[in-house]
Structures are given as C-alpha cells and as structure tokens.
Amino acid sequence: MSLAAEIEDAFASLDRTGWDWKDCMPLVERVAELENPPFALTGAYQAGVLLKPIVAQRIAGLFTMEPEDAGIIAECVSQSKGDYLEIGVLYGGSAIIASMFCRGQVYGIDPFEWGPTQTHHRIYPKQEVAEANVYSWGLPEPRFFTQKHPPMPPELKNNQFDVVFIDGDHTYEGAKADWDNVRERVNNFILFHDIHNPKHGAREAYIEAMLDPEWEEVYAKKKMGVLRRVK
Ligand SMILES: C[S@@+](CC[C@H](N)C(=O)[O-])C[C@H]1O[C@@H](n2cnc3c(N)ncnc32)[C@H](O)[C@@H]1O
C-alpha cells in the first residue's frame, strides 16, 4: 500500500467526536514525510520568509500566516509565469507577498464579511482596505472580487491560473468546493492553507486532493500543503 493510501485509510478511521487536533499529530508527521525533494526552495522562499513579518507590521489589519508559509507562496509564484488567484484575501497579506513575485496578474476572491470578533483594531477587512494595503507597497493593481467562491466571478470564467492559493472557507465542504472548482483551471501549483488542523476540514480536503493522479504533493510543512500538476 502506498504511503498516500495508508494516510488516507488512517485518516478515514479517525473518530471525529471530541477531536483535538493534537491527536492527529502522528498523522500530520506522516504527511510531512511525503515532501518531495525535487521541489527546490530558492531565494524567493527565503525572501518570502523574511518579508512576512515586515508586511505584517506595515499593513492595516492582520497578517498572521507563518513566515515559512509566505515563503512557499513566494516560491510557487516565482516558479510560475502566469496569473495568481487567492481564495481568502482578508487584509491582503498573502496577496502582497504574491504580488511581489508574480509576473502575471494577482486576483483575489473574498466576501470580506468577517465579523467584529475577528476584526483587528476595528479595521474591517473590506476590499478597499486590502487594495490599499497592496497599493501601500507600490505593487501592481490587484483584481479583488467581493463574493464567496464558488462560483468563479463571471469576469474570470474563462481564465487559467498558474497558482491558486486556497485559504477561504476552511470547512471540508468549503475547501473541497474550492479545489473542485479550480483544479481544471490551474497549470502549475495549488496551495492549501491550514492543512495541519483537522478542525478546519481543509486538511481532509487536501488529503483527498493529494490522491488525484493529475497532481503530486511537492511540499507539506507548517500549515501549508502544495500540489503540482503532473498531467
Ligand atoms: C484566513 S483568512 C485569509 C487570510 C489571508 N490569506 C491573509 O493573507 O491574511 C480567510 C478569509 O477567507 C474568507 N472566506 C471565507 N469563506 C470564503 C469563500 N467561500 N470564498 C472566498 N473567501 C472566503 C474570509 O472572509 C476571510 O477573509
């Protein structure tokens, strides 16, 4: 049995009542073993890691991602030539990192409707706030859409992307719907965030996606998992 299949079996047999995500750590470690060395980390990764705290300090609102995860966004975008789409923009932190390395257009989709409990210092995560954060770095104009994904905004209905970052609705259903609706439109990398935390369900959607023969897992560390198109 392949390691991926073993992980799938173990994951399927977990008792989900009263789950604490730490119970899943042994499984998390097995998934980390799948990291594929040919996915080389270059200077773009290092730059992303270093830039993350600087971006977090300078933007209005929050950018709480691990620096290594920002490094991976930088790496995947810099290994690609085309457009980047992110599902889940919030205050624009990850979009800023992507914009710094992207040779195509940066797109983002978010309903921008997080409630006051998630709102940082009363700065509501609105499209204008995220856009202003990107502009404050002198980066090219991003194209953000205030709506939930799916569906894809009508303006993007025929677009292909080189990189898609799934960081929106972290339920299993939400992350799976994102994957199902974007995978045919992605030429290079699909990144899933929060794959370490089974409470989010994004992890389960990621593990299913990882078994798709058209994709291979090239990286899984910290909270980020990366699939690369193989055919
Ligand atoms: C963890 S935050 C994203 C963080 C962001 N990538 C960053 O760099 O800081 C999750 C975001 O996903 C958004 N979201 C939730 N459901 C969504 C959906 N169905 N489609 C798009 N975005 C969604 C939320 O509004 C929230 O802003």
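**Note on the fold and the ligand shell**

1. In helix α8, the buried residues are Ala202, Arg203, Glu204, Ala205, Tyr206, Ile207, Ala209 and Met210. Buried means 20 or more other C-beta atoms within 10 Å of the residue's own, exposed 12 or fewer, partly exposed in between, with C-beta atoms placed from the backbone. Helix α8 spans residues 202–210 and is mostly covered, with eight of its nine residues buried.

2. The model is predicted: local features need pLDDT of at least 70 and side-chain atom pairs pLDDT 80 or more, while totals for chains, interfaces and linings use all residues. Residue numbers start from 1 along each chain as its sequence is written.

3. The protein has eight helices and seven strands; these are DSSP runs numbered from the N terminus (helices H or I, at least four residues; strands E, at least two). Of its 231 residues, 43% are buried. Among contacts with a separation of 6 or more, 68% join residues 24 or more positions apart. A contact needs two C-beta atoms, placed from the backbone, within 7 Å.

4. The seven strands form an open sheet of mixed pairing, in the order β3-β2-β1-β4-β5-β7-β6. Its edge strands, β3 (143–146) and β6 (215–221), each pair on one side only. Pairing requires at least two DSSP bridges between the strands. On average, neighbouring strands are turned by 15 degrees against each other, direction ignored.

5. Strand β1 (residues 84–87) pairs with β2 in the parallel sense, over four bridges. Tyrosine 84 stands opposite valine 106 in β2, and glutamate 86 has glycine 108 of β2 as its bridge partner.

6. Strand β2 is mostly covered, with five of its five residues buried. In a regular strand the side chains alternate between the two faces of the sheet. In β2 both faces are covered: Val106, Gly108 and Asp110 are buried on one side, Tyr107 and Ile109 on the other.

7. Helix α4 (residues 67–78) lies across β1, β4 (161–166), β5 (186–193), β6 and β7 (224–229), and runs at about 175 degrees to β5. Such angles run from 0 to 180 degrees between N-to-C directions of axes fitted to C-alpha atoms, for helices over the stretch in contact.

8. The largest nonpolar core has 59 residues, and Ile73 and Leu191 have the most contacts inside it. A core is a set of buried Ala, Val, Leu, Ile, Met, Phe, Trp, Tyr and Cys residues joined through C-beta atoms within 7 Å. Neighbours within four places in sequence aside, leucine 191 is in contact with Ile72, Ile73, Cys76, Phe165, Ile166, Met224 and Val226.

9. Leucine 227 is found in strand β7. Leucine 227 counts as buried because 25 other C-beta atoms lie within 10 Å. The C-alpha atoms of leucine 227 and isoleucine 190 are separated by 5.3 Å, although the two are 37 residues apart along the chain. With neighbours within four places in sequence left aside, the contacts of leucine 227 include Ala209 and Met210.

10. The ligand is surrounded by 22 residues, the closest being Gly88, Gly93, Ser94, Gly168 and Asp169. Elements giving two or more residues to this shell are α5 (93–101) and β2 (106–110). The shell holds eleven nonpolar, six polar and five charged residues. Here Ala, Val, Leu, Ile, Met, Phe, Trp, Tyr, Cys and Pro count as nonpolar, Asp, Glu, Lys and Arg as charged, and the others, Gly among them, as polar.

Note on methods:
A residue is near a molecule or strand if its C-beta atom, placed from the backbone, lies within 6 Å of it.
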